[in-house]
Amino acid sequence: GEECKAMKGLIKEAEEFIKEDAEKDVKDAGLVAEAQRVEHYEISGYGTAVRYAKELGHDDIAKKLKKTLDQEYGADEKLNKLAEGRLNKEAK
């Protein structure tokens with residue numbers, strides 16, 4: 001559906017960015033940003049699914065979806081640390 005098209009669009013944009021001629025540091029920062037865009041999209045989708053499952057009384061499904069949502073937040077946090085580490089390295 002529309003979600004699949006949106007994700008494919010994000011992936012296509014990331015692939016196009018990879019092909020661009022840019023300095024290594026710029027490319028690295030851009031790749032982290034592209035990965036975070038995908039994570040944020042997934043966080044949004046899983047967050048919505050958790051809310052719907054709870055509203056419909058499917059607490060067992062909501063718990064499973066919440067576990068995946070937490071993993072997506074964890075991946076985003078790792079990307080944040082990666083970006084911050086790179087910025088701190090450049091500042092030195």
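Student: What should I know about the numbering and the model before we start?

Tutor: Residues are numbered from 1 along each chain as its sequence is written, and side-chain values use heavy atoms, with hydrogens and water left out. The model is predicted, so local features need pLDDT of at least 70 and side-chain atom pairs count only at pLDDT 80 or more, while totals for chains, interfaces and linings use all residues.

Student: Okay, what makes up the fold?

Tutor: Three helices and zero strands, running α-α-α from the N terminus on. Helices here are DSSP runs of H or I with at least four residues, strands are E runs of at least two, and both are numbered from the N terminus.

Student: How does the radius of gyration of the protein compare with that of a compact globule?

Tutor: The radius is taken over C-alpha atoms, and the globule rule is 2.2 Å times the number of residues to the power 0.38. For 92 residues the rule gives a value near 12 Å, but the protein has 16 Å. Along the principal axes, the C-alpha atoms fill a box of roughly 50 × 30 × 10 Å.

Student: Why is E13 with R37 called a salt bridge?

Tutor: The label needs a side-chain nitrogen of Lys or Arg within 4 Å of a carboxyl oxygen of Asp or Glu. For E13 and R37 the closest N and O atoms are 2.6 Å apart, so the pair qualifies. The pair links distant parts of the chain: E13 sits in helix α1 (residues 2-19) and R37 in helix α2 (residues 24-55), 24 residues apart.

Student: Which other pairs pass that test?

Tutor: R37 also bridges to E34, with closest N and O atoms 3.4 Å apart, and D70 bridges to K66 at 2.6 Å. A search of the whole structure finds three salt bridges. E13, E34 and R37 are linked in a network.

Student: Why is E34 called buried?

Tutor: Buried means under 20% relative accessible area, exposed over 50%, and partly exposed in between (1.4 Å probe, protein chains only). E34 is at 14%, so the label is buried. R37, at 36%, counts as partly exposed, and so does E13 at 37%.

Student: And why is K24 called exposed?

Tutor: K24, in helix α2, has 62% relative accessibility, so the exposed label applies.

Student: How do you know that D76 lacks a salt bridge?

Tutor: Lys and Arg count as positive and Asp and Glu as negative, with His and the chain ends not counted. D76 is buried, and the nearest side chain of opposite charge, R37, is 11 Å away, so no bridge is assigned.

Student: What does D76 touch instead?

Tutor: Contact means heavy atoms within 4.5 Å. Leaving aside neighbours within four places in sequence, D76 is in contact with Q36, E39, H40 and I43.

Student: What makes I43 part of a nonpolar core?

Tutor: A nonpolar core is a set of buried Ala, Val, Leu, Ile, Met, Phe, Trp, Tyr and Cys residues joined through side-chain atoms within 4.5 Å. I43 belongs to the largest one, six residues in all, with V50, A53, A62, L65 and L69. Helices α2 and α3 each supply at least two of this core's residues. In soluble globular proteins, nonpolar side chains tend to be buried together.

Student: How much of the protein is buried overall?

Tutor: Buried residues make up 22% of the 92.
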